Amino acid sequence: MNELLDDPLADLLRESEVLLRGLLGNAMVGMYLGQDGRFVYVNPWLAGLFGYSQQELCAGMGPLDLTAQESRERVGEEIERRTRGEVPSSHYGFKALHRDGSTFEVEVFGVATRLGGRPAVIGILHDISARERAARALADQLRLTETLIETIPGPLFYKDERGIYLGCNRAFEAFLRRPREQIVGKSVYEVAPKELADVYYAADDWLFRHPGTQTYETVVENAQGERRDVVFYKATFDKADGSLGGLLGVILDITERKELERRVWEQAHHDALTGLPNMRRLRERLAAAVELAGRSRDKGLALLFIDLDRFKEVNDTLGHAAGDELLVDAAGRLRGALRASDLVGRQGGDEFLILLDDLETEEQAEQVAAKVVEVLSRPFVLEGQEVRLSASVGIALAPQDAQDVETLIRFADLAMYAAKAAGRAGYRRFSREMQEQVARRRAVGEALRRALELGQLGVHYQPIVELGSGRVDKAEALLRWSHPGLGAVSPAEFLPIAAEVGVLEALSEWFIEQALRAMREASSARPGRPLQVAINLSPRQLAGGACEAWLSALRGAGLSPGLLAVEVTEETLQDGGSAVLRGLHALRAAGIDIGLDDFGSGHSAFSHLRDRLVSHIKIDSSLVCALSSEPNGHVIVDALIAMAHTLGLRVTAEGVETEAQRELLAQGGCDFAQGLLLGEPMPLPELLEFIARR
């Protein structure tokens, strides 16, 4: 007796009626008892689910009456299997039929039992419509995602949090030239060479430790060993519980872009005729070498300025083709005369520069200069004729003679002219006695202090012609100074001095007043066709607050900011500093065009072409000159024009002096041009007459 009281099942049996009522009355799921294909009992929840009362369902209806036509066969089979005792229980889903004729998804858990000594079924029924709808929606979303991934034209892949490939699209397979069976489930070390896999793994590891996005350039090698330059764009994703799930990556193939950049860089930094570094490249190397020499106490550098004596005679007697052949031969001889660490480049025309660094003694520079004179004095054979030339070489040392690039070049140039004056075919070292230019600089500074007051300064305007139509709606304002004793002094000479003697600000104010006057008079002379005036600005003017003063002057004159264009050099953009850039951005924001002057002759400013600071570029006259004078001289100009147009920039060519140059520029799609062929700088009245005749 005590054992029976301790049996939990006995306790449940004593309470079975209460438990059964509680179970059958479940308000969360449907409960039913069926026998002979009819309901013996259904709970209220099940009856309500189908739109019936308990009494209606238990008055002769059975499970098949609540089953949609397409599911009746399966439901009948499941009931029969349990009734016949083939299975003790079953679990299945089917499409149920509501009283109003609508259908929905349900799930049944049925157990075979006996009632009154005969087989019966007791079951639990769930409404799974919402779950099924969610599952179908999820499946649809997955199919959409898969389709989207597969149809994206760029290579795409995704990895788990360990860096193992989970999947990829067809473009990724094609890019690696591997089927995805050789990718999915693999690590980067199984699909890439170790040196590249190390890069990918380190990048993935960093991104996993710093979830978010990541962009970097690298190289990808396909299954055939071919390598492509690429940019990886990656982003992490999370699992449903918020933990890191892995990363998604997209690849952009930039091989062609990198090759184009390399070619443009080569063309921009090397002389098209000789293949030597051009002045742009020379200045970059020279700037670094001068800085290093200034810090070193043991070693210095020398700059050799070389000019071929009597080269013009070769051009005049044998023609430019022979002259070009001679320059190529001379360039080869200069290369052969130098150490591998030395740099020789072409200054332009028949002038060359040689940079000698790591010099232990000054005499080493003279030894190289003597060797240069010797190799260039050997006969040249041009068109079957033997031609003899000589060379004059100037030497300047850093840091002894100069500690900046421009001064070093100028002093080497002065020394070269001293060598010419001494009879040519020799070399000279720079000395302080050669500094007549310094005395002139001092005289220029003194005279400049009173130039405005005495009315010696003027402004000339060079027309800028639209190549397609021949219209002139633009002009460049050029400062001119004629001194009774010094003669005509170039702005390139006196503007730097103006900053030194403290008159640059006054000059700038006067200059903008003249430009504004030109705009007003042009607008009056031809209503409806205003004249845009371009002015050149130095970094010092931009950093000194002139921008705001000029904007105020424009507003005060009632002129549109679009009538003023500001031109700066590549060096100004690259090296001008934050104050210069702030000034330029203020001008650009006000609606003033920003032009990049002498493009192709200074430091690279490509980043500012992309950030919409610059609205147009002006191709340097040296490149324009090469259009018709050098083989394939048009290649770099055409490339620059195409690049500028791709970035939405207008292009002006400077220094157009021949009809051939104009035609090549027009064929290349250049927008505007200026130069002596199209109109020389002239006073404002003459400019207005010039425009009126167009």
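The model is predicted.

The secondary structure of the protein chain comprises 27 helices and 26 strands. Its radius of gyration is 43 Å, well over the 26 Å that the globule rule gives for 694 residues, so the chain is more spread out than a compact globule. Along the principal axes, the C-alpha atoms fill a box of roughly 135 × 65 × 55 Å. Of the 694 residues, 45% are buried. The accessible surface of the chain is about 34,700 Å². Carbon and sulfur atoms contribute 53% of that surface. Among contacts with a separation of 6 or more, 57% join residues 24 or more positions apart.

A parallel arrangement links strands 21, 22 and 23. Strand 21 spans residues 532-536 and pairs with strand 22 in the parallel sense over four bridges. Strand 22 covers residues 564-569. Its pairing with strand 23, residues 593-599, is also parallel and runs over five bridges. Valine 566 of strand 22 takes part in both pairings. Strand 22 is mostly covered, with five of its six residues buried.

Helix 25 runs from residue 634 to residue 646. Its 13 residues reach 18 Å from first C-alpha to last, close to the 18 Å expected at 1.5 Å a residue. Five residues in this helix are named as buried: Ile636, Val637, Leu640, Ile641 and Ala644. They cover an arc of only 135 degrees around the axis, which puts them on the same side of helix 25. An α-helix has 3.6 residues a turn, so residues three or four places apart point the same way. Just after helix 25, glycine 648 adopts a positive phi of about 75 degrees.

Alanine 340 lies in a loop. That loop runs between helix 13 (320-336) and strand 12 (343-348). The relative accessibility of alanine 340 is 87%, and the residue therefore counts as exposed, the cut-off being over 50%. Alanine 340 and leucine 46 are 294 residues apart in sequence. In space, their C-alpha atoms are 94 Å apart.

Conventions: Residues numbered from 1 in each chain as written. Predicted model: local features only at pLDDT ≥ 70, side-chain atom pairs only at ≥ 80, totals over all residues. Heavy atoms only, no water. Helix = DSSP H or I, 4+ residues; strand = E, 2+ residues; numbered from the N terminus. Expected span 1.5 Å × (residues − 1). Buried < 20%, exposed > 50% of the residue type's maximum accessible area, 1.4 Å probe, protein only. Arc of directions from axis to C-beta. Rg over C-alpha atoms; globule rule 2.2 N^0.38 Å. Contact = heavy atoms within 4.5 Å. Areas by Shrake-Rupley, 256 points an atom, 1.4 Å probe, with all protein chains shown as cover. Pairing = 2+ DSSP bridges.
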